[in-house]
Amino acid sequence: ETRRKGLEAEFELAKFYEYKRRDTRESMRLYKECVRKGHLEAHLRLGIMLRDNADVTPDKELSAKMFQIAHERGDVLGTANLAFMTHYGLGITQSYARAVELYRIAAERG
């Protein structure tokens, strides 16, 4: 329980650095640490930063991997983002059929 609360606090600190301090380097470091410790939402945030943040060197392959892990763990936004990446072939093999399948899974998950 204490470890989980500590991990959640670390994740909140990463969001603070990303959104309030606009410190991309520190937020990336903290998100990566949270991912290493298994925090589900950190996979999603890191994937988005690696794909979309202008202050970060894009890494579409790692981004797709983060979304894949979130998808496998049942996260609807991870699934939707993986579908998008698959649809456009961003860091992952393009496949319209697989993208449609993933979009359907995301819709079913709500």
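Is Y88 buried, partly exposed or exposed? At 47% relative accessibility, Y88 counts as partly exposed, where buried means under 20% relative accessible area, exposed over 50% and partly exposed in between (1.4 Å probe, protein chains only). The model is predicted, so local features need pLDDT of at least 70 and side-chain atom pairs pLDDT 80 or more, while totals for chains, interfaces and linings use all residues. Residues are numbered from 1 along each chain as its sequence is written, and side-chain values use heavy atoms, leaving out hydrogens and water.

Y88 pairs with F84: their ring centres are 4.9 Å apart and their planes at 55 degrees, so the pair is tilted. Rings of Phe, Tyr and Trp (its six-membered ring) pair if their centres lie within 6.5 Å; planes under 30 degrees apart are stacked, over 60 edge-to-face and the rest tilted. Both residues sit in helix α5 (residues 76-88), 4 residues apart, or about one helical turn. Helices are DSSP runs (H or I, at least four residues), numbered from the N terminus. F84, at 33% relative accessibility, is partly exposed.

The count of aromatic pairs is 3. Another of them joins F11 and Y31, with ring centres 5.8 Å apart and planes at 55 degrees, so this pair is tilted. F11 belongs to α1 and Y31 to α2, so the pair ties together parts 20 residues apart in sequence. Both are buried.

Y31 is also among the residues with the most contacts inside the largest nonpolar core, which has 15 residues. Such a core is a set of buried Ala, Val, Leu, Ile, Met, Phe, Trp, Tyr and Cys residues joined through side-chain atoms within 4.5 Å. α2 gives the most to this core, 5 residues.

How values were computed. Helix = DSSP H or I, 4+ residues; strand = E, 2+ residues; numbered from the N terminus.
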